[in-house]
Amino acid sequence: MTPVRVLAVASEVYPIVKTGGLADVAGALPLALKAHGVEMRTLMPGYPDVMRMLGGAGEIRRWPDYFGGPGRLLAGSHDGLDLFVLDVPHLYARPGNPYVTAEGVDWPDNGLRFAALSRIAADIGHGLVPAFVPDVVHAHDWQAGLAPAYLHYDNRARPGTVMTIHNMAYQGKFAPELIGSIGLPWDSFNVHGLEYFGGISFLKAGLQLADRITTVSPTYAQEIQSDEGGMGLGGLLRQRADVLSGILNGIDTDVWNPQTDPHIAYRFGADDLTFRAANKAVLQQQFSLDSSDEAPLLGVISRLSWQKGLDLLLEAIPTILGDGMQLALLGSGDRDLQDRYQAVARANPGRIGVVIGYDEILAHLIQAGSDALIVPSRFEPCGLTQLYALRYGAVPIVSRVGGLEDTIVDIGEASTSDRAATGFKFAPVTVEALTGTLRKANTAFHNKATWRRLQLSGLATDVSWRNRAGDYAVLYRDLVAARRT
Ligand code: ADP
Ligand code: GLC
């Protein structure tokens with residue numbers, strides 16, 4: 001197996017900085033790729049948490065003026081991950097969320113901040129670090145979307161480029177004037193380059209100029225080629241369909257392992273699922289829910305945004321209450337949704353429990369203690385919480401979109417498939433379909449043998465990166481070979 005060197009570029013990487021699934025993927029994939037002969041280093045911005053956790057990182061280069069202030073490139077490692085860190089304090093030394101201010105609005109200089117990240121990725125691609133000259137630069141989401149552009153608008157020999165879409169809804173759109181301050185030529189401002197409906201888009205640039213495009217599930221790879229799913233970029237993706245593929249996400253089965261998880265009250269495996277009841281009791285306490293083993297406890301762990309369909313779940317609350325179920329929701333995001341969920345929790349003490357915030361530890365407990373995990377997304381590129389649920393014996397109830405469609409086998413589907421049922425899927429994404437499926441799940445829950453079968457099939461499903469990482473390894477090798485000929 002010829003070794004391949006890949007520079008991954010990501011704006012968040014678990015366990016250092018995380019706001020969602022991108023971090024989980026960026027943190028787990030490099031570890032899984034080692035077994036496939038891929039040497040991956042990941043470039044990320046030097047936010048305060050990164051600088052704190054990578055105290056021992058060594059300086060490789062230093063510039064008195066990098067995009068308007070002093071900057072350095074560091075190399076170090078953390079938890080088995082080999083990292084390059086772009087330390088540019090005037091761009092990244094800001095507390096809290098990497099993308100938005102404390103008031104929740106985008107930092108006004110996000111264009112500059114992530115152009116700087118992409119620029120250094122391209123420079124590393126061109127050999128800035130002689131000890132690590134990548135064969136492939138792999139850009140994740142819009143924040144890294146200009147990396148293929150910097151490499152493209154430069155005449156030197158370059159590595160292959162891959163652009164991965166984790167979410168079509170975030171496109172990195174800015175005014176064209178930005179081009180003047182980020183070191184790209186003005187002729188990049190055209191329909192074959194950065195131009196997008198009169199402005200520029202970092203994601204569009206990456207999709208237009210990368211050698212290969214991937215997204216995080218086969219079904220989402222189809223959906224984004226439609227006008228609706230493509231969110232403005234469907235036409236471009238249809239044109240580039242020959243280089244577009246969907247590779248399903250895996251999960252880090254060491255971080256998410258109910259047999260060793262330090263964050264849950266009682267550890268368990270497939271043969272001692274009865275310990276889930278003890279975790280359920282702790283979860284009920286933490287969410288101030290009535291203690292009851294008989295009431296099905298529905299869990300949600302999610303960003304609160306339109307994508308996730310949690311406004312539909314609010315409308316299903318009467319069904320949840322009427323049919324004797326409980327809800328434990330952990331989430332943060334849209335103010336309006338946060339307020340509405342807190343209001344239903346206040347109105348229904350003991351039955352609906354809501355924690356607004358971001359809490360990695362509580363997320364593990366919800367997986368270990370809830371009976372079912374609900375993901376009613378309007379669209380979902382892959383989704384990871386339903387994969388964690390499979391691994392923890394919480395039965396997923398999901399909408400039939402994107403990666404949810406690809407990862408869960410519906411209870412009704414099993415007879416026509418060679419795969420055992422692992423959960424419930426509903427379509428279309430409406431309150432009526434959701435409530436109908438919640439009722440169906442409630443009935444199945446009270447049939448102990450049926451429910452146990454669903455749980456055990458979930459636990460037996462391979463959700464690890466082991467096999468899926470191999471698809472990326474093949475993609476990198478094919479790309480390297482294609483560029484040689
Ligand atoms: P997305 O990336 O669209 O948010 P995913 O399902 O791919 O959706 O990944 C979400 C990740 O973020 C999961 O690891 C999930 O456990 C975590 N997560 C989401 N919201 C919260 C929260 N409020 N507290 C803790 N973890 C959360
Ligand atoms: C995005 C998507 C989610 C996916 C994650 C990791 O945030 O919304 O579906 O699982 O990226 O690829």
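## Ser-464 and its surroundings

Ser-464 touches Gly-250, Ile-251 and Thr-253, leaving aside residues up to four places away in sequence. The model is a predicted one. Ser-464 sits in the loop between helix H18 (448-460) and H19. Is Ser-464 buried or exposed? Its relative accessibility is 5%, so Ser-464 counts as buried; the cut-off for buried is under 20%.

Two polar links involve this side chain. One is a polar contact of 2.8 Å between the side chains of Ser-464 and Asp-462. In the other, a polar atom of the Ser-464 side chain lies 3.1 Å from the backbone nitrogen of Arg-466.

## The nine-stranded sheet

Nine strands make up an open sheet. Their order is E3-E4-E5-E2-E1-E6-E7-E11-E12, and the pairing is mixed. Strand E3 (58-63) and strand E12 (244-246) stand at the edges. Each has a single partner strand, so one side of each is left without a neighbour in the sheet. Neighbouring strands are turned against each other by 25° on average, direction ignored.

Helix H19 (residues 468-484) packs on this sheet. The helix touches strand E1 (4-9), strand E2 (38-45), strand E6 (136-140), strand E7 (160-165) and strand E11 (212-215). The direction of H19 makes about 145° with that of E7.

## Two pairings within the sheet

Strands of a sheet pair through backbone hydrogen bonds, either parallel or antiparallel. This sheet has examples of each. Strand E4 (residues 71-78) and strand E5 (residues 81-87) run antiparallel, joined by seven bridges. Here Arg-72 has Asp-87 in E5 as its bridge partner.

E6 and E7 pair in the parallel sense, over five bridges. His-140 stands opposite Thr-164 in E7. How many of the six residues of E7 are buried? Six of six are, so the strand is mostly covered by the definition of buried. Both faces of E7 are covered. Gly-160, Val-162 and Thr-164 are buried on one side, and Thr-161, Met-163 and Ile-165 on the other.

## The three-stranded sheet

Another open sheet has three strands, in the order E8-E10-E9, with antiparallel pairing. Its edge strands are strand E8 (173-174) and strand E9 (195-196), and each pairs on one side only. Two bridges join E9 to strand E10 (residues 199-201) in the antiparallel sense. Glu-195 has Ile-200 in E10 as its bridge partner.

A helix packs here too. Helix H6 (residues 202-209) touches E8, E9 and E10. The direction of H6 makes about 65° with that of E10.

## Asp-406: a buried charge

Asp-406 is found in helix H16 (residues 402-407). Asp-406 is buried, yet has no salt bridge. Which side chain of opposite charge is nearest? That is Lys-425, 6.9 Å away, whereas a salt bridge needs the charged atoms within 4 Å.

Asp-406 does have a polar partner. Its side chain makes a polar contact of 2.5 Å with the side chain of Thr-219. Beyond neighbours within four places in sequence, Asp-406 is in contact with Ser-217, Pro-218, Thr-219, Leu-248 and Arg-419.

## Ile-374 in strand E16

Ile-374 lies in strand E16 (residues 372-375). With a relative accessible area of 3%, Ile-374 is buried. Not counting residues up to four places away in sequence, Ile-374 touches Leu-298, Gly-299, Val-300, Leu-313, Ile-397 and Leu-438.

Leu-312 is 62 residues from Ile-374 along the chain. The C-alpha atoms of the two are separated by 11 Å.

Technical notes
Residues are numbered from 1 along each chain as its sequence is written. Chains are lettered from A and ligands numbered from 1 in the order in which they are written. This is a predicted model: local features need pLDDT of at least 70, side-chain atom pairs count only at pLDDT 80 or more; totals for chains, interfaces and linings use all residues. Side-chain values use heavy atoms; hydrogens and water are left out. Two strands pair if DSSP finds at least two bridges between them. Helices (H or I, at least four residues) and strands (E, at least two) are DSSP runs, numbered from the N terminus. Axes are lines fitted to C-alpha atoms, for helices over the stretch in contact, and angles run from 0 to 180 degrees between N-to-C directions. Contact means heavy atoms within 4.5 Å. Buried means under 20% relative accessible area, exposed over 50%, partly exposed in between (1.4 Å probe, protein chains only). Lys and Arg count as positive and Asp and Glu as negative; His and the chain ends are not counted. A polar contact is a pair of N or O atoms within 3.5 Å; within protein, one must be able to donate a hydrogen and the other to accept it, and residues adjacent in sequence count only if both atoms are side-chain atoms.
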